[in-house]
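The following note is intended for a colleague who is meeting this structure for the first time. Please read the points with the model open.

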Amino acid sequence: MASEKISGNKAMNGSHKHNDDIKDFVKSSLSQFEAEPPADLWDKIELRMRRRRRVVFYRISAIAASVLLLFSLGFLFVPRYFADLNQPSVGALQKTDSGHVQKILSNLPSANLKKEDDRFVEEGLSLVVTPGQHHLRPLTPETNKHSEPIESKKNESFLLSGENQEIQHIQLSGNDATNDSIELMADKTEVIPEKNQAIQLLITDGKGSLILDSPADKKKIISKWSMAVGYGTTSSIELAQKATEMSSPAGNYTFDAFSSELANETLYFEEVEATTHQSPVTFGVMLSRRWGGKWNVETGLVYTQLGYMVKTREFSNSYREYHNELYYLGIPIGVRLSILDRKRYGIFASQSLIFEKGMAGRTSIQTYTNNVISSTENDYLGIRGVQISSLSGLGAEIKFGGNLSVYGQTGVQIFFLNRTQPYNIRSARMAWPSFQAGLRIQLD
Amino acid sequence: MDEKQLLKDCLNGNVHAQKRLYEMYSRKMFGVCLRYAADPGMAEDFLQEGFIKVFSRLHSFKFQGSFEGWVRRIMINTSLEMLRKHDVLRYSQGIDSSMPLQDDATDDNEAMEIDSETLFSVFQEMPPGFRTVFNLYAIEDYSHKEIGAMLKISEGTSKSQYARARLWLQKRLAEIKL
């Protein structure tokens with residue numbers, strides 16, 4: 001620096017005729033200039049330092065609490081759901097006689113009864129009963145008294161007509177050779193009752209009877225609510241260049257609490273050798289509600305972790321690695337359109353807007369001298385601003401019976417308001433591919 | 001108290017030690033901040049932000065070289081950072097001034113009779129762009145190349161800004177003497 005100063009002086013002396021006496025005078029007068037700062041300044045500094053420590057603690061606690069809350073909500077919902085599965089549906093099945101009907105009931109796993117009953121509501125009736133002579137008749141209050149039982153024959157279709165106009169297409173099928181079961185099936189569209197209309201079917205084998213009952217309050221509601229637990233990521237990226245986005249004049253990172261140290265160091269002193277961004281990792285819990293036949297409205301909570309490493313060099317025998325991690329919590333709001341919905345699989349498209357707030361950022365600076373680590377500095381800092389992004393995706397799901405399905409989705413996420421955020425992978429490029437996978441549970 | 005022990009106590013989060021450290025350097029550093037700031041309120045902000053950084057980065061001080069020099073560098077960098085944040089440098093009068101670079105009749109020696117308080121008040125009147133370059137070159141001993149990098153200006157611009165600042169100061173001091 002001293003030699004630079006001399007050359008600087010020479011340059012200046014060349015531009016005017018005087019020696020630089022005024023420089024020496026000002027330096028001697030003002031270099032040791034001192035002044036008493038305001039008396040309360042220390043209190044302000046102490047308060048800010050205390051608050052800074054508290055903010056970091058609260059942010060970490062908030063993340064932990066949110067995760068705990070989500071898990072708690074999950075445990076609240078899921079056991080209730082499985083408890084329902086394990087209870088025979090009293091409203092759906094009524095025993096009108098003891099004896100053989102009891103046997104029929106006990107032959108059927110209770111979970112299966114519930115499952116079949118759901119299917120009755122959703123897409124038809126499929127109930128296994130013991131072989132023998134079976135009679136079907138509708139048991140709506142108006143028809144119960146007058147309808148005669150219909151004798152069933154295997155592999156034969158029946159049209160059951162009640163006075164209240166619904167027509168149910170029932171087919172009995174079974175294998176005479178084994179003669180161990182007969183399957184009763186009803187067409188989905190025809191078995192769903194009309195408005196406020198309950199359906200009752202009587203199955204009898206001469207010794208007892210079983211009433212399969214679809215109450216009016218279970219009509220048409222096909223799993224309105226669902227919850228999904230998902231994981232998402234995108235590709236990593238390595239930028240091997242001297243002038244990163246970080247030091248570009250357009251970037252505002254020298255004024256950002258999280259990025260300013262790295263930005264200033266790389267702007268004035270250190271040269272960037274490489275910047276490596278890790279794949280962002282996202283975990284989320286989504287709650288969605290069916291809206292109409294094909295649309296779902298969904299929202300939830302997502303946690304995202306971004307990380308990158310910048311390697312810089314100041315002197316030939318030493319270099320630094322800045323390891324930075326940013327932690328975000330976000331709320332997505334979006335819609336999902338069911339393009340194809342089959343019994344075992346489905347295809348959907350989704351569009352959502354995600355609002356993310358950085359909860360905290362961790363920076364770790366490792367200094368290497370002669371390739372040996374000589375110091376490490378760690379710090380937690382706040383993240384300003386809000387990141388908004390748009391996620392458009394196309395996905396598929398595979399249904400595993402019951403209400404559980406696995407889904408995968410690919411799409412494009414575009415990030416807005418990047419300048420409000422510390423430097424991260426999203427600063428390097430606005431649009432990123434997005435890959436997500438998860439489990440979805442129908443809640444009702 | 002031994003400075004090294006004081007710094008270790010600060011690192012361990014001892015608030016009394018931190019306050020002691022603040023008391024040791026606050027007057028000197030407030031003087032530094034005042035030279036860069038447009039007014040005492042701004043200087044107070046610089047000093048506050050600077051000390052927050054000093055305490056949060058204390059673990060990176062290697063006990064090699066002068067601790068005061070290390071603190072001073074943080075104060076200067078913080079001041080520049082905050083000046084840029086408020087766009088004081090970009091939009092300040094003087095950066096693109098068309099003032100001539102040539103000296104006129106004023107003699108440097110005229111300035112030498114001014115007391116340091118008057119000099120400081122004149123110094124604070126200087127346009128921020130001039131004052132920053134003058135501070136860095138004349139008082140902190142940075143080279144024009146370094147100043148160019150710090151302020152995102154060319155080395156030549158730094159030289160010309162310094163020459164204009166010097167001329168501005170000469171004229172202003174001459175006016176005061178009259």
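How many helices and strands are there in chain B?

1. Chain B has 10 helices and 0 strands, where helices (H or I, at least four residues) and strands (E, at least two) are DSSP runs, numbered from the N terminus. Read from the N terminus, the order of elements in chain B is α-α-α-α-α-α-α-α-α-α.

2. This is a predicted model, in which local features need pLDDT of at least 70 and side-chain atom pairs count only at pLDDT 80 or more, while totals for chains, interfaces and linings use all residues. Residues are numbered from 1 along each chain as its sequence is written, chains are lettered from A and ligands numbered from 1 in the order in which they are written, and side-chain values use heavy atoms, with hydrogens and water left out.

3. Of the 178 residues in chain B, 58% are buried, meaning under 20% relative accessible area (1.4 Å probe, protein chains only). Among contacts (heavy atoms within 4.5 Å) in chain B with a separation of 6 or more, 69% join residues 24 or more positions apart.

4. The largest nonpolar core has 65 residues, and A:Val26, B:Phe51 and B:Phe67 touch the most other members. Such a core is a set of buried Ala, Val, Leu, Ile, Met, Phe, Trp, Tyr and Cys residues joined through side-chain atoms within 4.5 Å. Helix 2 (residues 15-36) of chain B gives the most to this core, namely 10 residues. Beyond its neighbours within four places in sequence, A:Val26 contacts A:Ser31, B:Leu119, B:Phe123, B:Phe134, B:Ile139 and B:Leu169. Another core, of 19 residues, lies apart from it and includes A:Val272, A:Leu306, A:Tyr328 and A:Tyr423.

5. Helix 2 of chain B packs with helix 3 (residues 40-56) of chain B at about 135 degrees, their axes being 9 Å apart. The axes are lines fitted to C-alpha atoms over the stretch in contact, with angles running from 0 to 180 degrees between N-to-C directions. The pair is therefore oblique, the class left over once angles under 35 degrees (roughly parallel), over 145 (roughly antiparallel) and 65 to 115 (roughly perpendicular) are set aside. Residues of helix 2 of chain B that meet helix 3 of chain B include B:Tyr25, B:Met29 and B:Phe30, and those on the helix 3 side include B:Phe46, B:Leu47 and B:Phe51.

6. A:Asp379 is located in strand 17 (residues 372-381) of chain A. Is A:Asp379 buried or exposed? A:Asp379 is buried, its relative accessible area being 18%. Leaving out residues up to four places away in sequence, A:Asp379 touches A:Arg52, A:Gly361, A:Arg362, A:Thr363 and B:Ser56.

Terms used:
Buried means under 20% relative accessible area, exposed over 50%, partly exposed in between (1.4 Å probe, protein chains only).
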